[in-house]
Amino acid sequence: MDKIESYNNEKFIYTNERIDGPYAEVGSKMRNSKGEEFSINYKLHRAGENWRVYDLVIENVSLVNNYRSQFNRILTNSTYDELISKIKAKLFDKRDPIK
């Protein structure tokens, strides 16, 4: 995700879209200044009149599944409270401008 966030003025090419009831998927490719392409698929859910992204699949890696497996790994060896503490610590570290 850090690599994706670091890109500036990259070209996005929307390749397809598929709607299935309250769910949709939008396929795209991002082309960087070196000509490299990365697939980014957006999974969406309809919330009222709007569509909301609930997952990104970048180069066939789902962010939701990635987080789920990380959480499961932590929860097999520790408690829910420890998981929440780790998440809060990561958020705090990201906000700390002095690093």
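User: Is Lys29 buried, partly exposed or exposed, and why does it count as such?

Analyst: The model is a predicted one, and the description below should be read with that in mind. Lys29 counts as partly exposed because its relative accessibility is 34%, a value that lies between the limits of 20% for buried and 50% for exposed.

Lys29 meets Glu37 in a salt bridge, with an N to O distance of 3.9 Å. That distance qualifies because the cut-off for such a pair is 4 Å. Glu37 is itself partly exposed, since its relative accessibility is 35%.

Glu37 also forms a salt bridge with Arg31, where the closest N and O atoms are 2.5 Å apart. Arg31, at 33% relative accessibility, therefore counts as partly exposed.

The whole structure holds three salt bridges. One of them lies between Glu25 and Arg18, whose side chains meet at 3.1 Å, N to O. Glu25 counts as partly exposed because its relative accessibility is 22%.

Glu37 leads onward to the strands, for strand E3 covers residues 37-47. E3 runs antiparallel to strand E4, residues 50-58, and eight bridges join the two. Within this pairing, Lys43 has Asp55 of E4 as its bridge partner. The hairpin of E3 and E4 has two residues between the strands, and Gly48 there takes a positive phi near 70°.

E4 also pairs with strand E5, which spans residues 61-62. The sense is antiparallel, and the pairing consists of two bridges. Here the bridge partner of Val57 is Ser62 in E5. The hairpin of E4 and E5 has two residues between the strands, and in this hairpin Glu59 takes a positive phi near 50°.

How values were computed
Residues are numbered from 1 along each chain as its sequence is written. This is a predicted model: local features need pLDDT of at least 70, side-chain atom pairs count only at pLDDT 80 or more; totals for chains, interfaces and linings use all residues. Side-chain values use heavy atoms; hydrogens and water are left out. Buried means under 20% relative accessible area, exposed over 50%, partly exposed in between (1.4 Å probe, protein chains only). Two strands pair if DSSP finds at least two bridges between them. Helices (H or I, at least four residues) and strands (E, at least two) are DSSP runs, numbered from the N terminus.
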